[in-house]
Amino acid sequence: MKALYLYPGWLRIWHWVNALLFILLMVSGASMHYAGTPWLLAFETAVPIHNAAGILLTLGWIAFVIGNVRTDNGRYYRLRWRGLAGRLIEQSLYYARGIFRDAPHPFHVTAEAKFNTLQQLSYLGVMYGLMPLLILSGWSFLFSVYLPETLFGIGAVWVVAMTHLATSYALVLFVLVHLYIITTGETVLTNPLAMITGWHRERHTPSRDA
Amino acid sequence: MSFVPIRFEIGRPAAPWSLIGVLALLMLGLGRPAVAIEADKQTKACLRCHAMETIAYRDPVSREIVDLSIAPRLLPHSVHGELACTECHRKSYRRYPHPEEAERESFSCVGCHEDDSAEATYQLKTVESEYRQSVHVAPGAKHADRFNCHSCHDPHVFKVSRVGTDIAQVVRDGNQVCLSCHEKARDPQLGSHAWLPKRDAHWESVRCVDCHTPASAEPSRVSHQILTAEDSNRDCVACHSRDARLLNRLYQYRSEEDLARRGLFAKAIFNEAYIVGMSRSPLVDWISLLIIGLTLLVLTAHGLGRYLAYRRRRNR
């Protein structure tokens, strides 16, 4: 049995607030985008929810970045370039094949590395790629009057709209994959529980798996 | 709702004191001299008096000031600008003082235009039947008895919007007609339009009638059946989507030259860009939903595979 305290309080609070905001943003965003669909929110209701949640999400993202700069949590996002492709293939093969054959996890959570390479890359892409794009395009909507008339020769608001839309869809995809992939820990609940308690607990020790 | 006295109530019997009033105004020199306009002699003669901004009389019954002035600069540009006054008004008006026995004139737009090309273009009979159902003349409507075509369409001023007319101008002109009576609608405190997101932006780019009339069978026509506030369109999507009635209605005025200059693509984007439906891109939607759907399918299959593998292991 191994127990590692990997998720400090601030990170867990940020994570669950972020999760709640994501739900609010997805529901209200879909209600605005597909306005008029009966089982969604009314457009007038969705707009303020979406705006407010978006502003909070921005604050949360800033807090996340500051948190990663100020604490040692940032080290988990530093890529180890050596053998990156190999680890990526190994991890992908595990999800594609090994997982069905009771093969050992190719990656073992330690105090130094809590994310496997696939996780690391997707979290990096989401937090430092998609999220800034989402936030910037969202704020551009709010202050579209200050945008130039055109961007790249196309109406600026349309560019903003399409960026926001495409980013949103990509993040919905992330949420779906994230929700599934967190169940692929040692047990289905290993990873979700870790984000609640802060403690990553495994029955098997790496030495046995290795 | 309050009414500004309509400009074209020439049919009221001219009471002697009203003529005295007019003369008094003339003598006081409050009116401006008639502006020379290119019109026929007769129109000029009428405008000698009626071009004065202050020409008016107090209706002895309603006690309201009836404005008799005609804007001389607007008249020649109006849709009726080329007509002599007496083509619509009684010939007896040529005499001054106007004969007292002049009865209330009734002007029927449909009556005049029944057999000409205007009927084919503007379908005035349809307009009339729509107008009969309008909130302004519906049974129980306030001032219904005094409402007529000219309450909104000043026959001495109004002109038809032509392709190429600036949309903002079309909107301003159209809305001014409504707001000349419904001035309270503009009051930010009143809140009758408070529910409307980006209210001022809407008012600058959409005509009142775009929401306050039912969608007509022909998208390029605006119905003359003005709706009650309750029945008016509050559904954002009725306008903010592809093939929306707003686009069809309002953008008919965009010139073909404009389309050629900006290109179909940029115009389509522009149309989508500044209204709520702007994020609707069927291509992005379908591709994204397809990817999300496939992902869900793969994840479900993956989960099922894991469960079956787990059961197999346990059985072993």
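Author: A residue is called buried when its relative accessible area is under 20%, exposed when it is over 50%, and partly exposed in between, with a 1.4 Å probe and the protein chains only. The model is a predicted one, in which local features need pLDDT of at least 70 and side-chain atom pairs count only at pLDDT 80 or more, while totals for chains, interfaces and linings use all residues. Residues are numbered from 1 along each chain as its sequence is written, chains are lettered from A and ligands numbered from 1 in the order in which they are written, and side-chain values use heavy atoms, leaving out hydrogens and water.

The part to look at is chain A. This chain has 7 helices and 4 strands, where helices (H or I, at least four residues) and strands (E, at least two) are DSSP runs numbered from the N terminus. Read from the N terminus on, the elements follow the order β-α-α-α-α-β-β-α-α-β-α. Of the 210 residues of chain A, 40% count as buried, and among the contacts (heavy atoms within 4.5 Å) with a separation of 6 or more, 68% join residues 24 or more positions apart. The accessible surface, computed by the Shrake-Rupley method with a 1.4 Å probe and, for residues, with only the protein chains shown as cover, comes to about 11400 Å² for chain A, and 70% of it belongs to carbon and sulfur atoms.

Strand β1(A) runs antiparallel to strand β4 (residues 199-202) of chain A, to which 4 bridges join it; strands pair if DSSP finds at least two bridges between them. In β4(A), A:Trp199 is the bridge partner of A:Tyr5.

Helix α6 (residues 190-197) of chain A has the buried residues A:Thr190, A:Pro192, A:Ala194 and A:Met195, and their cover includes α1 (9-33) and β4 of chain A. After α6(A) comes A:Gly198, with a positive phi near 95 degrees.

On the surface, A:Ile55, A:Leu56, A:Leu59, A:Ile62, A:Ile66 and A:Leu142 form a nonpolar patch with about 500 Å² of accessible area together. Patches are made of residues with over 30% relative accessible area and no salt bridge, like charges being joined within 9 Å and nonpolar side chains (Val, Leu, Ile, Met, Phe, Trp, Tyr) within 5 Å; a salt bridge is a side-chain nitrogen of Lys or Arg within 4 Å of a carboxyl oxygen of Asp or Glu. Helix α2 (residues 43-70) of chain A gives the most to this patch, with 5 residues. A:Ile66 lies in helix α2 of chain A, and A:Ile66 counts as partly exposed because its relative accessibility is 47%.

Now turn to the aromatic rings. Over all chains of the structure, a search finds 10 aromatic pairs. The rings of A:Phe115 and A:Tyr123 have centres 4.9 Å apart and planes at 65 degrees, so this pair is edge-to-face. Rings of Phe, Tyr and Trp (its six-membered ring) pair if their centres lie within 6.5 Å, and planes under 30 degrees apart count as stacked, over 60 as edge-to-face and the rest as tilted. A:Phe115 counts as buried because its relative accessibility is 9%, and A:Tyr123 is buried with a relative accessible area of 13%.
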